[in-house]
Amino acid sequence: MKCIICRVDKDALEFSDEHVIPDSLGGYYHIYSVCRTCNSRMGETVDSRLVNHKLTDLYRFVEGMAGKSGAIPNPFGDPTVSSENPDIKARAIMDDDGALKFQLIPRVVVHEEGGTPTSIEIMVDTQDEAEIGTILRKKLKRLGIDEFQARANSELVRSVLDGGFSTRWRVDMQAFKIGLLKIAYEFAVDSIEGYFETPDAIEISRILREFDCEAVNRFVTVGSGLQPEVFEPFKDYLDLDSKKHYLVLIDAGMELMGCVKLHRLFCVAVKLSSKRHLDKGQIIFGINDIENQTFRKLTFQELVAECMGPTHCRLGYFFATEEEARHAAAEINAPGYRYVSDRNGEPLLFQGGGAPNPRSISDIVARGRAADHWEGDWFITQIDFHPEDEVFVRSAGADCLYRVMGVEISRERMRKL
Ligand SMILES: [Zn+2]
């Protein structure tokens with residue numbers, strides 16, 4: 001088997017479990033076509049640019065996502081509180097309601113005169129005031145000073161520090177994209193037969209292998225990496241606010257595009273090939289559910305089938321006069337109205353004189369003009385028959401012929417994935 005990164009034929013035992021989306025980000029998509037050597041090298045180069053990105057730290061901090069070590073990163077470091085005294089620092093804490101708070105890091109300063117401690121200054125956050133005694137006792141013990149003697153002269157001073165917090169971030173806006181390119185590439189190789197051997201795929205595997213960050217922009221063409229708008233076209237079926245990572249393969253114009261959305265973190269579209277690779281209308285989705293720890297692939301048709309309820313059909317009628325319309329409406333709008341239909345429930349068609357119409361409804365629909373739109377959660381397709389197609393249905397009750405001008409097909413969206 002060929003490794004999809006180094007493209008060298010290797011024994012099956014030389015392959016290992018590759019996380020397409022890093023597991024520290026809650027990725028559950030595994031492939032087994034990357035060799036051990038490439039897997040560990042990708043981890044150190046390509047993946048690390050993504051996983052150790054400042055925004056990834058922030059994301060994992062906000063989502064409370066622990067890594068393998070069980071630790072949640074702290075993207076703020078220990079910001080400085082006072083501009084006058086850079087030694088006074090705070091720590092960022094997420095409370096139970098998800099609010100970000102900064103808490104002063106306890107600070108102990110021993111003032112001395114000629115090598116002898118004269119006073120001890122303890123600075124804590126107001127909410128930690130109860131800790132002062134413990135901190136003092138520890139310090140005194142270390143200094144070898146008698147606790148009772150020291151207590152006699154202590155005083156508590158509350159003060160408000162000026163200046164607010166300051167912390168400096170260096171944010172990589174380029175190199176992390178190679179990590180997103182790798183995700184899109186692996187998803188395409190794993191999902192589209194024949195893609196692996198294309199010139200673009202060969203070039204992308206070289207970029208990943210050689211960690212060629214400069215060349216990445218030739219493929220990561222849409223979005224800065226931080227623009228969720230890339231996924232706008234899929235919002236009718238994907239629940240973009242849910243805690244999931246999404247991957248999409250789609251032909252756009254004459255190119256194959258791979259879209260990657262890592263929850264609320266990164267979002268890009270990658271040009272994977274300058275050729276089309278999918279059948280008309282075919283889209284491949286990969287949905288990684290972080291909370292349920294699952295990954296699954298599905299086609300556009302499967303996605304629609306899972307999101308949408310049953311199909312409802314309504315015929316649109318034509319009446320020559322108001323009198324005729326009123327008469328027909330009394331029957332058509334009555335509960336239990338049916339037209340004569342075949343075993344599948346499709347209407348039998350007639351000609352104006354009452355003779356059977358040899359054409360099928362699907363034939364008439366195919367010749368019509370279709371337009372679709374959303375109305376709230378309803379997806380409605382309106383088909384107007386070709387003006388030359390004069391077709392009639394026969395009502396099952398009053399045995400009347402009614403001319404049909406078009407059909408409205410509607411489906412309710414039950415959920416997004
Ligand atoms: Zn390899």
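I began with His263, which is buried, with a relative accessible area of 3%. I was working on a predicted model throughout. I placed His263 in the loop between β9 (255-262) and β10 (266-273). I then looked up its backbone: His263 has a positive phi of about 35 degrees, although it is not a glycine. I noted for reference that most residues other than glycine have a negative phi.

I turned to another entry of this kind, Arg7. Its phi is near 65 degrees, again positive in a residue other than glycine. Arg7 sits in the segment before β1 (15-19). Is Arg7 buried or exposed? I found a relative accessible area of 15%, under the 20% cut-off, so Arg7 counts as buried.

Next, the metal site. Which residues hold the zinc ion? I listed Cys3, Cys6, Cys35 and Cys38 as its protein donors, each through SG. Their distances from the zinc ion run from 2.3 to 2.4 Å. Along the chain these donors follow the spacing C-x2-C-x28-C-x2-C. I checked the angles among the four donor atoms and got 102 to 120 degrees, which makes the site tetrahedral, since the class takes all angles between 85 and 135 degrees. I kept in mind that the ideal angle for four tetrahedral donors is 109.5 degrees.

Then the helices. I took α1 (residues 36-51) and α5 (residues 177-191), whose axes come within 6 Å and cross at roughly 110 degrees. The two helices are therefore roughly perpendicular. On the α1 side I recorded Met42, Val46, Asp47 and Leu50. On the α5 side the partners are Ile178, Gly179, Leu180, Lys182 and Ile183. Sorted by class, this contact has six nonpolar, one polar and two charged residues.

Last, Asn288. I located Asn288 in strand β11 (residues 283-289). Its relative accessible area is 0%, so Asn288 is buried. What does Asn288 touch, leaving aside its neighbours within four places in sequence? I wrote down Ile21, Gly26, Gly27, Tyr28 and Tyr29.

Methods. Residues numbered from 1 in each chain as written. Predicted model: local features only at pLDDT ≥ 70, side-chain atom pairs only at ≥ 80, totals over all residues. Heavy atoms only, no water. Donors = N, O, S within 2.8 Å, 3.2 Å for Na, K, Ca; no water. Tetrahedral: all angles 85-135°; square planar, octahedral: opposite > 155°, others 65-115°. Helix = DSSP H or I, 4+ residues; strand = E, 2+ residues; numbered from the N terminus. Buried < 20%, exposed > 50% of the residue type's maximum accessible area, 1.4 Å probe, protein only. Axes fitted to C-alpha atoms, helices over the stretch in contact; angles between N-to-C directions. Parallel < 35°, antiparallel > 145°, perpendicular 65-115°, else oblique. Contact = heavy atoms within 4.5 Å. Nonpolar A, V, L, I, M, F, W, Y, C, P; charged D, E, K, R; others polar.
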